[in-house]
Amino acid sequence: MSRLEQRFADLKREGRAALVTFVTAGDPGYDASLAILKGLPTAGADVIELGMPFTDPMADGVAIQLATLRALEAGQTLAKTLQMVREFRTGNATTPIVLMGYYNPIHRFGVEKFVAEARDAGVDGLIIVDLPPEHDAELATPAQAAGIDFIRLTTPTTDDARLPRVLERSSGFVYYVSVAGVTGAGSATSDQVSGAIERLRRHTDLPISVGFGIRTPEQAAAIARLADGVVVGSALVDKVANASTGEQAVSDVLALCSALAEGVRGARKG
Amino acid sequence: MTQTNFRSGPDANGLFGAFGGRYVAETLMPLVLDLAREYEAAKADPEFNEQLAYFQRDYIGRPNPLYFAERLTEHCGGAKIFFKREELNHTGAHKVNNCIGQVLLAKRMGKKRLIAETGAGMHGVATATVAARFGLPCVIYMGATDIERQQANVFRMKLLGAEIVPVTAGTGTLKDAMNEALRDWVTNVDDTFYLIGTVAGPHPYPAMVRDFQSIIGKETREQLQAKEGRLPDSLIACVGGGSNAMGLFHDFLDDASVQIIGVEAGGHGVDTDKHAASLNGGVPGVLHGNRTYLLQDADGQITDAHSISAGLDYPGIGPEHAYLHEVKRVEYVSITDDEALDAFHATCRLEGIIPALETSHALAEAIKRAPTLPRDHLMVVCLSGRGDKDMQTVMSHMAAQEKQA
């Protein structure tokens, strides 16, 4: 059983949703970012999405755009992101790590080399924003062959006709983008989210994590009652943006993570 | 060159060989699939084509002339140089050919709002123009750097009723404007039509924009036939994203005798880090919905393009150009800022035509080649746009040169 499967199965038994946290690798610098990564599981993160910085994050809002720029200015590269996962894995064998980003840096790195190094580093899944199922052959197929899950985004625009295509080769979990828009923008209502989850359930048995626009423990709790996972990204990344030192970034991100975890853990699934 | 069917692309997945495709976020996938279906239907609809022909004739002013540039020809002392006069179109460039096509499609699809990116502002002006004509609100994303150097076009867009959103992310140029336009589209999926200005982006844009621009080459063929009774020997056009070039080239791709040359912006030189020559100085990658040649570093981060002409200041190129480069049907060369400026002045003084700085790159290549060619060599240069918008840039460049002298 993969780490992702194991984690969602365990949480299902506990009767609660997963807290999925997104941070950008190398933001605000390698060392502070690694400290955040290492601290997240203790602060209550169940699954970690680690953003791979790219100069042109077309589907991201301002918070993650700026995080990306901070990381790149601090010298982050894809090789360093993989190194970060390796270092994380020396102290943690159970928390799944999903790399999230855009295709070009991987394309440049070389797909074959990337898949092999990611697997050896202990990466569990990939979310590649600009690789729809139409381009599965490029990365999804080789990644899955190496045992790395390929997690798909589904959105309010993914209608019933398209859903099967999107879900066909999905693995790990399904990421439901609850609003049409960029990361960090507005949030969907509980009714909209529960309707969407009901619709997704008819098409898949995979765990469903919901993201976009979830910022507070209260919002996280509300989504945790409906979904198998709650994704928080921009709100955590904002903590890094507002910190004046690396140490402060680490402590502020982990403090928000703890508060979000409390919210998620307090909300038993109905 | 054994292959003769260079005009068959793209395939059903939007691929020209290994280039093109649909590399977009899932939120946009249903939209680009829908657009492809609607475009195919429109293309086959006589009523749509009649409308298109009407606006091409009575609104844009087509056909525009194929003009024998007699004094430039004499000056070069070789090939007979013709200008395809796209700068005489309404709005002063080839851009409107595509905008008319796409706005008719937007209306047909019942869209209520247009968005576009712009570099030099020519596509922004053309989009604002058709938006006014068809009564649609329109938002133009433009890099802050470009707004600074293209004030006249910014004012034109405002007069036409467009909202201009300055983009400060990145280097504040065309690539960043395109990112921001994509963010708008992903947010306003229900009512918004994204009017891409060049032969790039996810399928069907590269093919669709090319089709709307291909009237340039079709007219050129007929007009040269009427004047000289034969095909051109060579075609030259500047390439940023590459829409005027695809427009001129496409009709001739399968005429093996026609030599085709695309001119990239060499900035300070392709061997420096300040240029916009994606084919001559880049490697394949994925950006803005398509796989193509990109300026990027060893980590796959997109690097800044540089060109004196805002319209060529883009780190990528349309995927069909990437394909034509790989199969060697089209030769892609580069021209530096200084060479383009020299050609700009020469064309002003010899032909009484003030060309756009983008266009000046094509003219520079023509001026370079023509003297080496026989007098019966027929060369067509795409005069893609007029240079009124570039007065400020040229003025400050001339002032800087005077200071040095």
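**View 1. A charge over a ring, in chain B.** A charge counts as sitting over a ring if NZ of Lys or CZ of Arg is within 6 Å of the ring centre and within 35 degrees of the ring normal. Keep in mind that this is a predicted model. Here the charged end of R85(B) lies over the ring of Y67(B), 5.4 Å from its centre. There's another case to look at: K80(B) puts its charged end over the ring of F68(B), 5.0 Å from the centre.

**View 2. Y67(B) with a ring partner.** Searching the whole structure turns up 15 aromatic pairs over all chains. In one of them, Y67(B) and F83(B) have ring centres 6.1 Å apart and planes at 50 degrees, so the pair is tilted. Y67(B) belongs to strand β3 and F83(B) to strand β4, 16 residues apart, so to speak a link between distant parts of the chain. Y67(B) is partly exposed at 27% relative accessible area, while F83(B), at 0%, is buried.

View 3. W185(B) sits in helix α8 and Y205(B) in helix α9, 20 residues apart. W185(B) is buried at 3% relative accessibility, and Y205(B) is buried at 0%.

**View 4. Helix α4 of chain B.** Most of this helix is covered, with 12 of its 14 residues buried, including C99(B), I100(B) and L104(B). Just past the helix, G110(B) takes a positive phi of about 75 degrees.

Methods:
Residues numbered from 1 in each chain as written. Chains lettered and ligands numbered in written order. Predicted model: local features only at pLDDT ≥ 70, side-chain atom pairs only at ≥ 80, totals over all residues. Heavy atoms only, no water. Buried < 20%, exposed > 50% of the residue type's maximum accessible area, 1.4 Å probe, protein only. Helix = DSSP H or I, 4+ residues; strand = E, 2+ residues; numbered from the N terminus. Phe/Tyr/Trp six-rings, centres within 6.5 Å; stacked < 30°, edge-to-face > 60°.
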